Amino acid sequence: MNTHLSHCYVLATGGTGGHIFPAQALAAYITEKGHRAVIISDIRFKNYPQSGQYETHFIDAASPSGNLVKKLKALVALSKGYLQAKKLLKELKPKAVIGFGGYPSFPTLYAARSLGIKTIMHEQNAVLGRVNRFMIRRAHALATSFPHVGRVPSIYRHKLVYTGNPTRTEILSHKQAPLPSLNEEDTIQLLITGGSQGSSIFSTLIPAAIEQLPKEIRQRLHVTQQCRQGEIAETDAFYKRIEVNATLAPFFTNIPELLTLSHLFIGRSGASTLAELTIIGRPSLLIPLPHAMDDHQTANATYLAQSNAAWIMPQSDLTAESLARLLAGILSKPNILMDAAKQAAKLGEPLATQRLFELIAG
């Protein structure tokens, strides 16, 4: 327990994993330091693991995207959320409010500024998100996960503070784990995820690409793959037919351990995923989500690829043949994987949570 005066900190976050996971990591750190962490989000927050572990309040919010009716409904919801957040902040009297992006963070951030409360924002991606873009002129500082962030107006660049992306302690306990041995007789461990909801294209194209790999590579593979529940049986049958050992599930609760055991990760390039890959130090083949806002997943992946820690394959270019060629080139040369693992580990920021706390507590 911290012997200094205890403070309350409010964490305002959107309702999806990319915003929630770093907020939860910071909440854990704040609590560990003997302070009070309060999360304000929308109802979607309840769907995520450990959502009941922290004091949480839900407010109205909606995205002002779509037609005029949807925009008007969103405006009403955000206005209600602002009044709800303002009432909460008056009761909580936080030392600071930190926003993690996403539309549910907007009412709380706006209410905090109207009450004169210190306001910090955190951007998980390599491109500034819409809420953070709108609120940056009102915030005291903007913490970033990447050294360079796009779409930040030049007049506000002095507000940027590079901290890295807060990451859960389960990942930190595996930081810079050595890449498993990969001699000629060793099993090659592939870990494949398709984001929080999985991706059907992964369940079809990736197995088809693996089928085209040279037999000497294919017979050494063990594939651990996230699949949608309705696709598991068919994908499993395919792997059995091509004689590849595979473990399939709609969700894995032990990702830190699976990453540590893997030789190569294949998946999307969300900010939390990349933070975990770089802290543990694992090479990756990244297929950015094609419809991500402002194409931020491509910007995230590019940062790793430019450091030779990852390979990027746009989904529009993805075919079984092109993926098989790339995989064969990577998996046939263990030194390539070793070098990429070392480069990934150099990019990791295990002190990100601590740095972010120091920024909001200062």
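The model is predicted, with local features requiring pLDDT of at least 70 and side-chain atom pairs pLDDT 80 or more, while totals for chains, interfaces and linings use all residues. Residues are numbered from 1 along each chain as its sequence is written, and side-chain values use heavy atoms, leaving out hydrogens and water.

**Exercise 1.** Work out how α2 and α3 are oriented to each other, and which residues meet.

Solution. Step one is to locate helix α2 at residues 68-92 and helix α3 at residues 105-114, where helices are DSSP runs (H or I, at least four residues) numbered from the N terminus. Step two is to take the angle of about 50 degrees and the 8 Å between the axes, these axes being lines fitted to C-alpha atoms over the stretch in contact, with angles from 0 to 180 degrees between N-to-C directions. The two helices α2 and α3 are therefore oblique to each other. Step three is the hand of the crossing of α2 and α3, which is right-handed; this is the case if the near helix is turned clockwise from the far one by less than a right angle, and anticlockwise gives left-handed. Step four is the contact (heavy atoms within 4.5 Å), in which residues of α2 including Leu 78, Tyr 82 and Leu 89 meet residues of α3 including Phe 106, Tyr 110 and Ala 111. By class, this contact of α2 with α3 has 9 nonpolar, 3 polar and 1 charged residues, where Ala, Val, Leu, Ile, Met, Phe, Trp, Tyr, Cys and Pro count as nonpolar, Asp, Glu, Lys and Arg as charged, and the others, Gly among them, as polar.

**Exercise 2.** Describe the packing of α6 with α12.

Solution. Helix α6 (residues 200-211) and helix α12 (residues 320-331) pack at about 55 degrees, with axes 8 Å apart, and α6 and α12 are therefore oblique to each other. The crossing in which α6 passes α12 is right-handed. On the α6 side stand Leu 205, Ile 206, Ala 208 and Ala 209, which meet Ala 320, Leu 323 and Ala 324 of α12. The residues of this contact of α6 with α12 are 7 nonpolar, with no polar and no charged ones.

**Exercise 3.** Decide how α10 and α11 are oriented, and which residues make their contact.

Solution. The axes of α10 and α11 come within 10 Å and cross at roughly 20 degrees, and the pair α10 and α11 is therefore roughly parallel. Here α10 passes α11 in a left-handed crossing. The contact is made by Ala 271, Leu 274 and Thr 278 of α10 together with Asn 300, Ala 301 and Leu 304 of α11. Sorted by class, the contact of α10 with α11 has 4 nonpolar, 2 polar and no charged residues.

Technical notes
Angles under 35 degrees count as roughly parallel, over 145 as roughly antiparallel, 65 to 115 as roughly perpendicular and the rest as oblique.
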